[in-house]
Amino acid sequence: MIRDAEISDAQAIAGIYNYYVANTTISFEETPVSTEQIAERILEVRASSLPWFVAEDSGRVLGYAYASKWKTRSAYRFAVETSVYLQRDATGQGLGRQLYEALFHTLKVSGIHIAIGGIALPNEISIRLHEKLGMKKVAHFEQVGFKFGKWVDVAYWQKEL
């Protein structure tokens, strides 16, 4: 089931996200994020009138997706950056696609024109997901992140909604 995220989901979301923080270059954060920080982020997304969804099965949060402002200048107000994260044991089941489809639909209905997804490279699974949903690669920045003692590239995909 895909539903709106609640503040009570913050602990589960932090658990999902902190795996990626601690073990991958998918996230450029380098220290674990607290439940309180995730709750603040959910509130910030809501305050921007943007969606944050979770995928849930039998009361267990399996993943989440949300949109945040692309930039703060007024002319950027119709563009958002999107993110999706799944529990490690929930990948390959179509949940990322379902979360993004719900997110894109809600964004389009609310008047958002462009969805942008940033991907730390390499990440073939995320690239396939974004491209399967009609996003196209529009930018590639070399060595913009430094994590685990190595430089990491970031590329951006976008979709007109």
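**View 1. Arg 3 and Glu 56 meet side chain to side chain in a salt bridge, 3.1 Å from N to O.** The model shown here and in every other view is predicted. Arg 3 sits in strand S1 and Glu 56 in strand S2, so this contact ties together parts that are 53 residues apart in sequence. Arg 3 has a relative accessible area of 19% and is buried. Glu 56 is buried too, at 18%. The cut-off for buried is under 20%. Asp 9 joins Arg 3 and Glu 56 in a network of salt bridges.

**View 2. Glu 6 forms a salt bridge with Arg 46.** The closest N and O atoms are 3.6 Å apart. Glu 6 belongs to the loop between S1 and H1. Arg 46 belongs to helix H2, residues 35-47. The pair therefore ties together parts that are 40 residues apart in sequence. Are the two partners buried or partly exposed? Glu 6 counts as partly exposed, at 39% relative accessibility. Arg 46 is partly exposed, with a relative accessible area of 37%.

View 3. Glu 101 is partly exposed, with 38% relative accessible area. Arg 97 is partly exposed as well, at 32%.

**View 4. Seven strands form an open sheet with mixed pairing.** The strand order is S1-S2-S3-S4-S5-S7-S6. Strand S1 (2-4) and strand S6 (136-147) are the edge strands, and each pairs on one side only. Neighbouring strands are turned by 30° against each other on average, direction ignored. In general, strands of a sheet pair through backbone hydrogen bonds, either parallel or antiparallel.

**View 5. Strands S2 and S3 run antiparallel.** S2 covers residues 52-57 and S3 covers residues 60-69. How many bridges join strand S2 to strand S3? Six do. Asp 57 has Arg 60, in S3, as its bridge partner.

**View 6. Helix H1 lies across S2, S3, S4 and S6.** The helix spans residues 10-23. Strand S4 spans 79-86. H1 runs at about 80° to S3.

**View 7. Tyr 64 and Tyr 85 form a stacked aromatic pair.** A search of the whole structure finds eleven aromatic pairs. In this one, the rings are 5.5 Å apart centre to centre, with 25° between the planes. Tyr 64 is in strand S3 and Tyr 85 in strand S4, so the pair ties together parts that are 21 residues apart in sequence. Tyr 64 counts as buried, at 2% relative accessibility. Tyr 85 is also buried, with a relative accessible area of 12%.

**View 8. Phe 141 and Tyr 156 form an edge-to-face pair.** A pair of aromatic rings is described by the distance of the centres and the angle of the planes. Here the centres are 5.9 Å apart and the planes stand at 75°. Why is the pair edge-to-face? The angle of 75° makes it so, because planes over 60 degrees apart count as edge-to-face. Phe 141 lies in strand S6 and Tyr 156 in strand S7 (residues 150-160), so the pair ties together parts that are 15 residues apart in sequence. Phe 141 counts as partly exposed, at 42% relative accessibility. Tyr 156 is buried, with a relative accessible area of 19%.

**View 9. Ring pairs link Tyr 17, Tyr 19, Tyr 20, Trp 52, Tyr 64, Tyr 66 and Tyr 85 into a cluster.** The stacked pair of Tyr 64 and Tyr 85 takes part in this cluster. Tyr 19, another member, has Arg 88 over its face. Arg 88 lies at 4.1 Å from the ring centre of Tyr 19.

**View 10. Lys 71 lies over the face of Trp 70.** The distance to the ring centre is 5.5 Å.

Terms used. Residues are numbered from 1 along each chain as its sequence is written. This is a predicted model: local features need pLDDT of at least 70, side-chain atom pairs count only at pLDDT 80 or more; totals for chains, interfaces and linings use all residues. Side-chain values use heavy atoms; hydrogens and water are left out. Two strands pair if DSSP finds at least two bridges between them. Helices (H or I, at least four residues) and strands (E, at least two) are DSSP runs, numbered from the N terminus. Axes are lines fitted to C-alpha atoms, for helices over the stretch in contact, and angles run from 0 to 180 degrees between N-to-C directions. Contact means heavy atoms within 4.5 Å. Rings of Phe, Tyr and Trp (its six-membered ring) pair if their centres lie within 6.5 Å; planes under 30 degrees apart count as stacked, over 60 as edge-to-face and the rest as tilted. Buried means under 20% relative accessible area, exposed over 50%, partly exposed in between (1.4 Å probe, protein chains only). A charge sits over a ring if NZ of Lys or CZ of Arg is within 6 Å of the ring centre and within 35 degrees of the ring normal. A salt bridge is a side-chain nitrogen of Lys or Arg within 4 Å of a carboxyl oxygen of Asp or Glu.
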